[in-house]
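Thanks for coming. I have one model to show, and I will keep this short.

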Amino acid sequence: MTLLTDDQRQLADMTRSFLAEEGTIKKQLRHWRDIGCKDGFGHGLWKQMAELGLTGLAIPEEDGGLGLGATEAALVMEEVGRNLTPSPFLTTALVAVEALKGTEQGKRWFPGIIAGETVAAFAVDEGPHHRPRQIALEARRSGNGFALSGTKQFVVHGASADVILVAARTAGSAGEAEGLTLFAVPRDAAGLEIENVTLADSSKAARLTLSNVAVDADAVVGEVDHGFEPLRRAMRVGRTGAAAEMVGLASGASTMTLDYLKQRKQFGKLIGEFQVLQHRAAHLFGEIEIARAATWKAAELVDKGDDRAGLMTHVAKAKAGRVSALAVQEAVQMHGGIGMTDEHDIGLYMKREKVLDALFGDSNYHARMVRMLAA
């Protein structure tokens with residue numbers, strides 16, 4: 001397993017302390033859910049994260065950020081998952097930032113992200129499943145720019161975003177990596193219709209309909225017809241970040257369950273004394289550690305630019321997905337009937353796991369990718 005540096009340990013400790021105080025389920029997830037917040041997260045917390053430097057964590061130093069990598073991002077995401085803290089950190093500070101690095105659009109949007117004033121969304125999926133090579137949304141040349149037409153689904157924070165990074169096809173046909181172009185589309189663009197959707201875990205995603213949305217040539221992120229490269233980089237970071245969040249989620253659910261096993265009595269004794277439950281808890285602990293190791297290894301390879309990074313991010317997302325599913329299933333079962341009530345927080349972990357598993361592809365998708373790439 002990757003050994004953390006002193007700076008990385010300090011970052012992890014700071015984030016753990018901060019989110020344990022300010023990012024709790026009561027203060028954040030339940031609060032914004034219960035008041036029907038259209039964003040599903042608190043902009044105040046986003047500003048607090050900016051004050052700690054977290055929103056600019058992955059932005060290069062020359063652009064005003066901290067210039068840190070996927071490993072540091074994974075440390076933050078694990079604490080986000082542990083506390084079920086709703087925020088645009090993954091989609092904005094990690095995924096969008098990675099796609100925008102080294103571009104003019106990055107220089108435009110990075111200052112707002114660093115300040116905690118800008119939210120970005122990433123629009124890739126068009127069908128019910130994650131299939132990034134099957135992009136069909138059309139971008140045809142029009143004047144000195146492009147006109148975008150098509151639909152997108154599962155755009156996390158799409159209705160709250162100031163800018164949406166839209167993957168579109170400028171050449172070739174669906175299924176081909178070449179011929180894709182990434183565009184930075186402002187949310188107030190004419191012809192852009194946004195339907196805000198509440199997901200199972202009370203987070204928000206959007207369905208987008210683009211009807212001849214006109215953007216100029218400056219909206220292109222990277223190069224025309226070669227958008228799969230920034231898309232590939234962004235998805236690797238997204239998969240690693242989501243895997244880290246799932247590891248944190250699994251760890252949080254496990255800790256809550258272990259505490260319950262030490263308190264609940266049945267047949268005159270603590271249920272944690274029953275050997276079968278001890279065995280299940282020990283098995284889950286080992287699985288979480290394996291998922292954490294896979295995620296940290298993926299982050300390490302991404303930071304190094306290693307050729308194996310793509311494969312390992314698929315491994316991490318697949319393993320973290322299956323382990324987090326096991327964790328929440330065990331948690332609800334060991335809690336018994338109370339685990340199915342809204343009054344108890346453990347059920348919220350199960351709902352979040354279902355949404356996270358689908359984000360950037362579910363565990364089955366990534367298992368298939370591992371089999372294909374490792375063949």
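Predicted model: local features only at pLDDT ≥ 70, side-chain atom pairs only at ≥ 80, totals over all residues.

Residues are numbered from 1 along each chain as its sequence is written, and side-chain values use heavy atoms, with hydrogens and water left out.

Start with helix α6, residues 104-114. Helices here are DSSP runs of H or I, at least four residues, and strands are runs of E, at least two, numbered from the N terminus. Buried in α6 are Q105, G106, W109, F110, G112 and I113; buried means under 20% relative accessible area with a 1.4 Å probe, protein chains only. Those buried residues pack against α5 (89-100), β4 (163-169), β5 (180-186) and β8 (220-221). After α6 comes G116, with a positive phi near 75°.

Now the cavities. A cavity is a set of points on a 1 Å grid over the protein atoms alone where a 1.4 Å probe fits but cannot get out, and lining residues have an atom within 4 Å of a point. There are four cavities of 30 Å³ or more, volume being the space filled by probe spheres set on the points.

The largest cavity holds about 330 Å³. Its lining has 27 residues, with P86, S87, H157, S203 and R352 nearest the centre. Helix α5 comes up again here: α2, α4, α5, β3 and α10 each supply at least two residues of that lining.

The second largest cavity has about 110 Å³. Among its lining residues are T91, D125, H130 and F360.

Terms used:
Buried < 20%, exposed > 50% of the residue type's maximum accessible area, 1.4 Å probe, protein only. Contact = heavy atoms within 4.5 Å. 1 Å grid on protein atoms, 1.4 Å probe; cavity = no way out; pocket = protein on both sides within 12 Å on 5 of 7 lines; lining within 4 Å.
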